[in-house]
There are 2 protein chains.
Amino acid sequence: MYASILAGGSGTRLWPLSTPATPKQFLRLAGPETMLQDTVRRISPLCPPDQLYVVTFDSYSASVAEQLPDLPREHIIAEPEGKGTAASIGLAAACIAARDPQAVMGSFHADHAIADEAGFQAALAFAEHVARDGSLVTLGITPDRPETGYGYIEMGASHAEQGVLRALDVKRFVEKPDFHTAQEFLASGVYAWNSGIFVWRVDRILEEIRRLVPEISGVLDEVGAAARRTGGKVTGEVEQVIRNAWPRITKTVTIDQGVMEHADQIVVIPISVGWNDIGSWAQVAGLHAADAQGNVVAGLDATSHLAIDTSDTLIYSTTGRMVGVAGVSGLIIVDTPDGLLVCSKEHAQDVKQVAEFVKKRLE
Amino acid sequence: MYASILAGGSGTRLWPLSTPATPKQFLRLAGPETMLQDTVRRISPLCPPDQLYVVTFDSYSASVAEQLPDLPREHIIAEPEGKGTAASIGLAAACIAARDPQAVMGSFHADHAIADEAGFQAALAFAEHVARDGSLVTLGITPDRPETGYGYIEMGASHAEQGVLRALDVKRFVEKPDFHTAQEFLASGVYAWNSGIFVWRVDRILEEIRRLVPEISGVLDEVGAAARRTGGKVTGEVEQVIRNAWPRITKTVTIDQGVMEHADQIVVIPISVGWNDIGSWAQVAGLHAADAQGNVVAGLDATSHLAIDTSDTLIYSTTGRMVGVAGVSGLIIVDTPDGLLVCSKEHAQDVKQVAEFVKKRLE
């Protein structure tokens, strides 16, 4: 199996730890490895480094190369600027198709955490099998709460089965719902969260991109022609083709809205593997063991903090300073050399506003 | 009028801004001047630098000299170690008595804020007048809330009057009451907070110390004898006397519990002058103008913070880092190079615990 990892996220939701200079995928949030390294290791039983491509921005190429020393340098695909995930995935598919036009590829995000790796790998192996018939396979996350921050997938008739795993026809993709609708989706049992993790044959996804986003397809054809001359390696020649053609993509198009919502022959494999896209600090807390009061202390040693009458609070510090907390509950406290964040867990999404504010100030 | 300023506080309640190295009296909490400088300036219309003594610890002498360039160096009285305010005030009284045995002195703390300076000065002038008859005058703060953090003074019959000011006999001193008792005190109208600000003739306070704390009095006699030889200047000779005699003081005695509670001829002048002993971060917030949401931002410029859906919160930062706050209320957030404090205003007193924890860690 081939794979592409999207590592272009610009990291505003975990400010002040994630910054434009060091977005989430390059951070150690869940353990000793960075999110990108975790992602690569997690799929490595199914995808060796030689069949892996990482799509990122020019400015992050060096970080990707540094964090993934086993990845061939010519498997790093650097975009001059972000044009959405349809173009990013298309680039990887074009390079892979240059080596094997009917190869099956998985598409992953570099900043997701998954607790049950074995379960995830089993689902991926099944997805690879299902995709051989031309289906566009999406991994759907079985919801455990009425989350309003994700898109949902309505599941239909059974398409294939293997052990406990099932692939179901996708009836429709649904944008982020309101809370009431999310509650209905959860209760119905026929909706899954859209994880943004896909498995498909490269000819099939390129065919759908050609049909639905022709502007991108023209660029991918040129990149594919160059990649066939290099055996799928992203050499200076291929990079030059990308750089020259890139400005012709005028619209930012996501793979979800631009392609999957209108594509044919889509199936979903629902999974429950402890998936966490770490979209906010509230989710970072979920990656760590909490103490009896529900507090999570990360990034600093135990002698550097004192929490009095405090519960359900995340203390994340990388400064080595003493952190004293008293009489608070349900808070997120993040202390890094770049800044200080104090917010309620309910307001974890507001961090994006703070990060945008910081970005504007620096401009 | 002579004066002594007690500048020996070790500053645990405003951690992480106040530290053993830089306690509260040396900090700029309320404006461009430090608390010590404010204290000196506030009494300067009644007490010129030549009649002012500052009692502090050896380790703070240099800070006092630096912050008060107009104060004669020989008016800094440095204690080898803290033995309580009875000894501190006694030292100043002994030096002043060496110049004028019947001088009236005021005793002040170096870390109180007072909003109505003219009102305070008028009360002091009246206190000086009252003290001439031998009364030990204490300034009592008319309470505006059922505070449990202060001692109270029960006021009795009128002793003297001048315009709106009255001096009343003190019936008794009461230790910090519980909340219910504090409510009764407030409602009765005959209790004032003990501010720890006193005015008296030096011969009278030395007489009471002799009667009530003879252990200290012996030491003060030696210091006084030396000070008479130097005209009240704390020269190397006087310093040597203090250093030699100091270990003979075996008990720590406060002027309140050790002397005032048992002394004769005590009167209180109740005042309402916006007194604030800045005993906690919650009180620091009261020194600054709040915005429409009740937030106070101090120590950092407006472009360095963003507060979203936040109310009744103090943000005090000296690091220059960006501070982002969202969805919180009634919090104290203090960010300095030495540490980070996040606590509810109700738990402002717990800061002391954090500071003690830090102190132990550093030992």
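Between which two elements of chain A is the place of Gln25(A)? In this predicted model, Gln25(A) is placed in the loop that runs between β1 (2-6) and α1 (35-43) of chain A. With a relative accessibility of 1%, Gln25(A) counts as buried, because residues under 20% are assigned to that class. A polar atom of the Gln25(A) side chain lies 3.1 Å from the backbone oxygen of Ala7(A). When residues up to four places away in sequence are not counted, Gln25(A) touches Ala7(A), Gly8(A), Gly9(A), Thr34(A), Met35(A), Leu36(A), Tyr60(A), Gln67(A), Ala110(A) and Asp111(A).

Two of these partners, Met35(A) and Leu36(A), are also among the buried residues of α1(A). Helix α1(A) is largely enclosed by the rest of the structure, since eight of its nine residues are buried. The buried residues are Met35(A), Leu36(A), Gln37(A), Asp38(A), Thr39(A), Val40(A), Arg42(A) and Ile43(A). Their packing partners in chain A comprise the strands β1, β2 (52-57), β4 (104-109) and β5 (113-114), together with the helices α2 (61-67) and α4 (117-131).

In chain A, the axes of α3 (residues 85-99) and α7 (residues 214-230) come within 8 Å and cross at roughly 30°. Helices α3(A) and α7(A) are therefore roughly parallel to each other, and their crossing is right-handed. On the α3(A) side, the contact is formed by Ala86(A), Ala87(A), Gly90(A), Leu91(A), Ala94(A), Cys95(A) and Ala98(A), which meet Ile216(A), Leu220(A), Val223(A), Gly224(A), Ala227(A) and Arg228(A) of α7(A). Classified by residue type, the contact of α3(A) with α7(A) has ten nonpolar, two polar and one charged residues.

In chain B, the pair described is α3 (residues 85-99) and α6 (residues 202-212), whose axes come within 9 Å and cross at roughly 135°. This angle makes α3(B) oblique to α6(B), and α3(B) passes α6(B) in a left-handed crossing. The residues of α3(B) that take part are Ala86(B), Gly90(B), Ala93(B), Ala94(B), Ile96(B) and Ala97(B), and they meet Val202(B), Ile205(B), Leu206(B) and Ile209(B) of α6(B). By class, the contact of α3(B) with α6(B) has nine nonpolar, one polar and no charged residues.

Two further buried positions in chain A were considered. Ile242(A) is found in helix α8 (residues 236-245) of chain A and is buried, with a relative accessible area of 1%. Apart from neighbours within four places in sequence, Ile242(A) is in contact with Ile77(A), Ala78(A), Pro80(A), Leu91(A) and Val223(A). Among these partners, Leu91(A) and Val223(A) also take part in the contact between α3(A) and α7(A). Ile77(A) and Ile242(A) are 165 residues apart in sequence, while the distance between their C-alpha atoms is 9.2 Å.

Thr336(A) is placed in strand β16 (residues 331-336) of chain A. At 2% relative accessibility, Thr336(A) counts as buried. With residues up to four places away in sequence not counted, Thr336(A) touches Pro16(A), Leu17(A), Thr318(A) and Thr319(A) in chain A, as well as Arg321(B) in chain B.

Technical notes. Residues are numbered from 1 along each chain as its sequence is written. Chains are lettered from A and ligands numbered from 1 in the order in which they are written. This is a predicted model: local features need pLDDT of at least 70, side-chain atom pairs count only at pLDDT 80 or more; totals for chains, interfaces and linings use all residues. Side-chain values use heavy atoms; hydrogens and water are left out. Helices (H or I, at least four residues) and strands (E, at least two) are DSSP runs, numbered from the N terminus. Buried means under 20% relative accessible area, exposed over 50%, partly exposed in between (1.4 Å probe, protein chains only). A polar contact is a pair of N or O atoms within 3.5 Å; within protein, one must be able to donate a hydrogen and the other to accept it, and residues adjacent in sequence count only if both atoms are side-chain atoms. Contact means heavy atoms within 4.5 Å. Axes are lines fitted to C-alpha atoms, for helices over the stretch in contact, and angles run from 0 to 180 degrees between N-to-C directions. Angles under 35 degrees count as roughly parallel, over 145 as roughly antiparallel, 65 to 115 as roughly perpendicular and the rest as oblique. A crossing is left-handed if the near helix is turned anticlockwise from the far one by less than a right angle, and right-handed if clockwise. Ala, Val, Leu, Ile, Met, Phe, Trp, Tyr, Cys and Pro count as nonpolar, Asp, Glu, Lys and Arg as charged, and the others, Gly among them, as polar.
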